[in-house]
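Here's a quick tour of a structure, one region at a time. Have the viewer open and follow along.

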Amino acid sequence: MTDTDPRFSKILHDHREIETAAKRIGAQIDRDYAGKTPILVVVLKGAVMWAGDLFRNISIDVEMDFIDIASYHGGIASSNEITLRTDLTSDVKDRDVIIVEDIVDTGLSLRYLESLLSRRGARSVKTATMLNKQKGHKVDIRADYVGFEIDNEFVAGYGLDYQEIWRNLPFIGVVNPDIYS
Ligand SMILES: O=P(O)(O)OC[C@H]1O[C@H](OP(=O)(O)OP(=O)(O)O)[C@H](O)[C@@H]1O
Ligand code: HPA
Ligand SMILES: [Mg+2]
């Protein structure tokens with residue numbers, strides 16, 4: 001539906017803009033965590049591409065771990081139930097944790113993760129998300145570092161899927177509603 005790609009009604013951000021956002025947030029993390037060694041908790045699967053950009057643009061010592069949770073199961077709406085598929089291997093007790101998300105939409109995934117990490121005794125928990133869909137929030141939640149604010153539309157690309165595909169695209173676009181309606 002765009003001039004070049006019928007899968008998308010609009011292209012929002014290409015990989016250059018996303019890398020620029022990762023540089024900006026990486027520099028903020030360097031300042032905010034100077035003298036500390038935070039753990040980046042990368043939320044699989046959607047956050048993988050963004051996490052790579054962000055990780056490359058952090059200069060302080062930092063660890064990385066992965067957690068796999070799911071609630072959309074390929075669809076365009078949250079099931080409102082979070083399933084923990086694969087847990088972290090790190091002990092987060094007394095650690096500074098930065099959750100790395102591709103998107104905060106309803107906010108249910110982030111609320112689940114914040115509560116899990118706090119219960120496990122993390123010293124601090126902050127979030128670096130590539131996208132924030134403020135109008136989609138169903139709970140009162142706030143990400144500390146945000147790449148881009150987006151409207152309440154279903155997007156895909158750059159890690160985000162529609163029915164498990166299109167994660168590999170080097171841009172974020174609004175999925176053409178004709179595809180799923
Ligand atoms: O704010 P929310 O409404 O909870 O949505 C955000 C979460 O949903 C997506 O994950 P999904 O369940 O699709 O799993 P995936 O990352 O493996 O695609 C996305 O990657 C975020 O983790
Ligand atoms: O808009 C979205 N697109 C893809 N995956 C998602 N998971 C939550 N919101 C979205
Ligand atoms: Mg998904």
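## Ground rules

This is a predicted model, with local features needing pLDDT of at least 70 and side-chain atom pairs counting only at pLDDT 80 or more, while totals for chains, interfaces and linings use all residues. Residues are numbered from 1 along each chain as its sequence is written, and chains are lettered from A and ligands numbered from 1 in the order in which they are written.

## The three-stranded sheet

Let's start with an open sheet of three strands, ordered β1-β9-β8 and paired antiparallel. β1 (8–14) and β8 (155–156) sit at the edges with a single partner strand each, so one side of each has no neighbour in the sheet. Strands here are DSSP E runs of at least two residues, helices are H or I runs of at least four, and both are numbered from the N terminus. Two strands pair if DSSP finds at least two bridges between them.

β8 and β9 (residues 171–175) run antiparallel and are joined by two bridges. One thing to look up: A156 has G173 of β9 as its bridge partner. Helix α1 (residues 15–32) packs on this sheet, touching β1 and β9, and its direction makes about 40° with that of β1. Contact means C-beta atoms, placed from the backbone, within 7 Å; the axes are lines fitted to C-alpha atoms, for helices over the stretch in contact, with angles from 0 to 180 degrees between N-to-C directions.

## Around ligand 1

Ligand 1 has 19 residues around it, the closest being G46, Y72, D105, T106 and S109 (a residue is near if its C-beta atom, placed from the backbone, lies within 6 Å). Elements giving two or more residues to this shell are β2 (39–44), β5 (96–104) and α3 (108–119). β5 provides the largest share, four residues.

By type, the shell splits into eight nonpolar, six polar and five charged residues. Nonpolar covers Ala, Val, Leu, Ile, Met, Phe, Trp, Tyr, Cys and Pro; charged covers Asp, Glu, Lys and Arg; the others, Gly among them, are polar.

Most residues other than glycine have a negative phi, and most peptide bonds are trans. The peptide bond from L44 to K45 is cis, with omega near 0°, and K45 is in the loop between β2 and α2 (48–56).

N80 has a positive phi, near 70°, in the loop between β3 (63–70) and β4 (83–86). D94 also has a positive phi, about 60°, and lies in the loop between β4 and β5. N80 is exposed, with 9 other C-beta atoms within 10 Å, and D94 is exposed with 9 as well. (Exposed means 12 or fewer such atoms within 10 Å, buried 20 or more, partly exposed in between, with C-beta atoms placed from the backbone.)

Terms used. Two residues are in contact if their C-beta atoms, placed from the backbone, lie within 7 Å.
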